[in-house]
Amino acid sequence: RATAEKFEFQAEVSRLMDIIINSLYSNKDIFLRELISNASDALDKIRFLSLTDKEILGEGDTAKLEIQIKLDKEKKILSIRDRGIGMTKEDLVKNLGTIAKSGTSAFVEKMQTSGDLNLIGQFGVGFYSVYLVADYVEVISKHNDDKQYVWESNADGAFAISEDVWNEPLGRGTEIRLHFRDEAQEYLNESKLKELVKKYSEFINFPIYLWASKEVDVEVPADEEDSSDEDEKPESSSSEEEEEDTEKEENEKKPKTKKAKETTYEWELLNDVKAIWLRNPKEVTDEEYTKFYHSLAKDFSEEKPLAWSHFTAEGDVEFKAVLFVPPKAPHDLYESYYNTNKSNLKLYVRRVFISDEFDELLPKYLSFLKGLVDSDTLPLNVSREMLQQHSSLRTIKKKLIRKALDMIRKIAEEDPDEANDKEKKDVDESNESDEKKGQYTKFWNEFGKSIKLGIIEDAANRNRLAKLLRFETTKSDGKLTSLDQYISRMKPGQKDIFYITGTSKEQLEKSPFLERLTKKNYEVIFFTDPVDEYLMQYLMDYEDKKFQNVSKEGLKIGKDSKDKELKESFKDLTKWWKGTLASENVDDVKISNRLANTPCVVVTSKYGWSANMERIMQSQTL
Ligand code: ADP
Ligand code: MG
């Protein structure tokens, strides 16, 4: 187009497109769900704006919040149209080519190692998946604030934008036209498209229509030359008078008209827009929850979520919610932990999508959860900022945390691997428990750090979170164990929970601090994650038991009758040592109760940093 203004794709975007175009990835289906997901996002945006400004929706068809899919088999074009917010010319330039999203390079990197395009939507670059199936794409868009424009590109490093003087006016919204590549013929098929919508876009909250062909029976005048109808005898097509004379039975055999097939088109609704979270949890199947999770999380890895919780909260603040524990942590969960506040919950008010960037819904440490909240209590016609301040949000948050922690606790409870030794025999060996086997370890490996961060940050739920902690100990035999299990194995008379911190279990096992404890058959927890040092500054006790770092002052293990005697007889020696060692280096010299073979150890004072903490702090400042 001569009038077009040309732009170059930003370098990372261009690389991404190259990878997509040349990808051998076999599951090219994903392009459709990405386009439908974008259409749905655009519809959510205009619906949200219409809450405070009704006019914005426009009139007639323009006001219809729906998605339409149309296939032109001859021209090999598929178009997906929405009446969402649309894009101004500037939006088209920025969103579709020049401003790379933060996920772009992360995704490019991932592509080069795994080649798995399935997660493209999670990285915020789903649009470009159109080039899996198309070699030329047009995006026609009309935003309320601008004219209608066409964006086009055949993915050769550049795109063009022109004012649209060719297509019919959209009213408002976006139409994406894919000109299929020769290898993508399989999508020139309505049933294939229906199948894909069913599979991937079932939970889109706007109606999705397909311009579907239908074979209908029509009556056409019986024609002499037409011999396609075998029942028809040529001589039967006679004059009207003759026909009137014939008997009834005969009449049926010699109709004036005959049946024929004709193809007509009409909009066929492909999805059921009843929101899953409004249904009774008892009537929703596991498979439906799994599929709903996939569409909500844009996680199409086909893996089942580790757990979910679907509930209704009643009382002052009413809401429905569905929470999911994903099967895997996202690529940047802890990378961005301290700089972003992004929660993964979608907030709806009375079925209307409001935002997925409300960090007031869940604390940071639970930001790995996916899900949604739909509240009838929150006001609809206020700005996002005002909603953010609404007092009900605090109540919602509190309840969500409780439910989330319950849900996580249940993963452990239902996992046969988690059972205490004495309960082990009772665990039934059904298929169900088979499926739950090892799930908590899986959870712990993916999200354990979040639980620890929770203990540090959320004083109100510290005890609940501590219950979810897992670690190895001197007695756990390479397996993970919990505080409850530790307590159940405590020796009679043992008051404290013993732990030691360090870089690895192997290193800690050799520690002289453990000598006497091990000899006396006490169990000691190994904390080997750097975050554990911080964790233990917040976790002082559990179920009335204090935590004792065995490398610190104050270790008390069952009284030994000889202790006092030893203390007395070595009094002079310890005094001499203390005087000899400079007082800025040591606080005290004592007879140790923690050694068996090693002659002496350096112990940290009760309130000071452990040696491990010193090491961590040093590595951070260096
Ligand atoms: P994401 O949807 O994760 O933001 P995409 O690559 O799928 O990433 O889309 C990029 C951007 O292009 C979107 O954020 C949106 O601003 C814009 N966009 C894409 N499709 C549409 C559409 N149908 N209507 C309006 N804007 C759209
Ligand atoms: Mg998208």
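**Helix contacts and the ligand shell**

Analyst: In H12, Lys-449, Lys-452, Ile-455 and Ile-456 meet Val-531, Tyr-534, Leu-535 and Tyr-538 of H17, where helices are DSSP runs (H or I, at least four residues) numbered from the N terminus and contact means C-beta atoms, placed from the backbone, within 7 Å. This is a predicted model, in which local features need pLDDT of at least 70 and side-chain atom pairs count only at pLDDT 80 or more, while totals for chains, interfaces and linings use all residues. Residues are numbered from 1 along each chain as its sequence is written, and chains are lettered from A and ligands numbered from 1 in the order in which they are written.

User: Why is H10 called oblique to H12?

Analyst: The axes of H10 (residues 392-414) and H12 (residues 439-457) cross at roughly 135° and come within 7 Å. H10 is therefore oblique to H12, since that word covers what is left once angles under 35 degrees (roughly parallel), over 145 (roughly antiparallel) and 65 to 115 (roughly perpendicular) are set aside. Ile-408, Ile-411 and Ala-412 of H10 meet Gln-439, Tyr-440 and Phe-443 of H12, a contact with five nonpolar residues, one polar and no charged.

User: What makes H1 roughly parallel to H4?

Analyst: H1 (residues 11-21) packs against H4 (residues 103-114) at about 30°, their axes 9 Å apart. That angle is why H1 counts as roughly parallel to H4. Glu-12, Val-13, Arg-15, Leu-16 and Ile-19 of H1 meet Thr-104, Ser-105, Phe-107, Val-108 and Met-111 of H4, and this contact divides into six nonpolar, two polar and two charged residues.

User: How many residues are around ligand 1, and which come nearest?

Analyst: There are 17 residues around ligand 1 (C-beta atom, placed from the backbone, within 6 Å), and Asn-38, Ala-42, Asn-95, Gly-126 and Phe-127 come nearest. Two or more residues of this shell come from each of H2 (30-52) and H3 (89-98), with H2 giving the largest share, five residues. By class, the shell around ligand 1 holds seven nonpolar, seven polar and three charged residues.

How values were computed: Axes are lines fitted to C-alpha atoms, for helices over the stretch in contact, and angles run from 0 to 180 degrees between N-to-C directions. Two residues are in contact if their C-beta atoms, placed from the backbone, lie within 7 Å. Ala, Val, Leu, Ile, Met, Phe, Trp, Tyr, Cys and Pro count as nonpolar, Asp, Glu, Lys and Arg as charged, and the others, Gly among them, as polar.
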